[in-house]
Amino acid sequence: MFIVVNLKAYPCDPIEVATAARDVADTSDVRIAVSPQAADIARVSETGVETWAQHVDPNGYGSHTGSTLAESVAEAGAVGTLVNHSEKRLKLADIDGAVRAAERAGLETCVCANNPAQIGAVAALGPDSVAVEPPELIGGDVSVATADPGIVEDAVAAAANVDESVDVYCGAGISSGEDVATAGDLGATGILLASGVAKADDPRAALENLVAPL
Ligand SMILES: O=C(CO)COP(=O)(O)O
């Protein structure tokens, strides 16, 4: 199981979360990455935790003010990137461009989508993984794996129908090890989560709780 902790733009201490995630990953068999804001990638990466960008733009170097370049986040220490997060949606052509840019920079890619139909569409673009995250459950208390198990199973089927080599992750409302295990039972091989760790009083304890049953 792979857990990506997306820090979004939450006012947490990215280094506190990164060091905790590094330690919990080291002492468990669980792969854990932290996805901070672009400005924090370098110092998060310096902790030794696996570091992902939250987004990259489709363009490369050039006259593109305000861009987040795949090359730049890779240079800063990111080894992967989310693309098309529900809070950072892109047009299909730009999702394709961002995946190609990430590939050129050597980044692993996870393209997010809202539902199984979109999962099939983005799986066709050849990312390493796709993640289904129903927007209405993001930031809530109920795990997608409990509230809508069918969406996870259908996302797994939709991706396999297009490209069996694309891993399928899920996210939204996941905050306990039981939620992670349930998602795994539904066929997800990874989890995206945010508030359960980024808004926790004790992020280390939250991470330990997530990996406990795995
Ligand atoms: O959007 C998410 C991860 O990318 C999920 O957010 P929550 O874990 O806060 O529901």
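Trainee: Let me start with Glu133. Which residues does Glu133 touch, not counting residues up to four places away in sequence?

Mentor: Bear in mind that this is a predicted model. Two residues are in contact if their C-beta atoms lie within 7 Å. By that test Glu133 touches Ser86, Cys112, Asn114, Ile138, Cys170, Gly171, Ala172 and Leu192. Glu133 itself sits in the loop between S6 and H6.

Trainee: Is Glu133 buried or exposed?

Mentor: Count the C-beta atoms around it. A residue is buried if 20 or more others lie within 10 Å of its own, and exposed if 12 or fewer. Glu133 has 26 other C-beta atoms within 10 Å, so Glu133 is buried.

Trainee: Which residues does the UniProt annotation "active site" cover?

Mentor: In the UniProt record, an unreviewed entry, that annotation covers His85 and Glu133. They are spread over 49 residues of sequence, yet they cluster in space, with a largest C-alpha distance of 8.5 Å.

Trainee: Where does His85 lie?

Mentor: His85 is in the loop between strand S4 (80-83) and helix H4 (92-104). His85 is buried, because 23 other C-beta atoms lie within 10 Å. Not counting residues up to four places away in sequence, His85 touches Gln54, His55 and Cys112.

Trainee: Which residues of H4 are buried?

Mentor: They are Ile95, Ala98, Val99, Ala101 and Ala102. Now look down the axis of H4. Its buried residues fall within an arc of 160°, so they line one face of the helix. Ala93 and Arg104, on the other side of H4, are exposed. The cover over the buried residues includes helix H3 (70-76), S4, strand S5 (108-113) and helix H5 (116-123). Just after H4, Gly106 has a positive phi of about 80°.

Trainee: Let me try H1. What should the 14 residues of H1 span?

Mentor: At 1.5 Å a residue, H1 should span 20 Å. Its end C-alpha atoms are 20 Å apart, which agrees.

Trainee: And which residues of H1 are buried?

Mentor: Pro14, Val17, Ala18, Ala20, Ala21, Val24 and Ala25. Their arc, seen down the axis of H1, is within 170°, so they line one face of the helix. They pack against S1, strand S2 (31-35), helix H2 (41-45), H9 and helix H10 (203-211). The face turned away from the buried side carries Asp26 and Thr27, which are exposed.

Trainee: Now the ligand. Which residues come nearest to the ligand?

Mentor: A shell is the set of residues around a molecule. Of the 14 residues around the ligand, the nearest are Asn6, Leu192, Leu193, Ala194 and Ser195. Strand S8 (190-193) and helix H9 (195-198) each supply at least two residues of the shell. By class, the shell has 6 nonpolar, 7 polar and 1 charged residues.

Trainee: Where does UniProt place the feature "binding site"?

Mentor: The record, again an unreviewed entry, places that feature at Asn6, Leu7, Lys8, Ile138, Gly173, Ala194 and Ser195. These are spread over 190 residues of sequence but cluster in space, with a largest C-alpha distance of 14.3 Å.

Trainee: Is Lys8 buried, exposed or partly exposed?

Mentor: Lys8 has 18 other C-beta atoms within 10 Å, so Lys8 is partly exposed. Find Lys8 in the loop between strand S1 (2-6) and helix H1 (14-27). Leaving aside neighbours within four places in sequence, Lys8 is in contact with Glu87, Ala194 and Ala198.

Trainee: And what about Ile138? Where does Ile138 lie?

Mentor: Ile138 is in the loop between strand S6 (129-132) and helix H6 (144-147). Ile138 counts as buried because it has 21 C-beta neighbours inside 10 Å. Ile138 touches Ser86, Glu133 and Ala172, with residues up to four places away in sequence not counted.

Note on methods:
Residues are numbered from 1 along each chain as its sequence is written. This is a predicted model: local features need pLDDT of at least 70, side-chain atom pairs count only at pLDDT 80 or more; totals for chains, interfaces and linings use all residues. A residue is near a molecule or strand if its C-beta atom, placed from the backbone, lies within 6 Å of it. Helices (H or I, at least four residues) and strands (E, at least two) are DSSP runs, numbered from the N terminus. Ala, Val, Leu, Ile, Met, Phe, Trp, Tyr, Cys and Pro count as nonpolar, Asp, Glu, Lys and Arg as charged, and the others, Gly among them, as polar. UniProt positions are given in the numbering used here, feature names are shortened, and annotations may be inferred rather than shown by experiment. The expected span of a helix is 1.5 Å times one less than its number of residues. The arc is that of the directions from the helix axis to the C-beta atoms.
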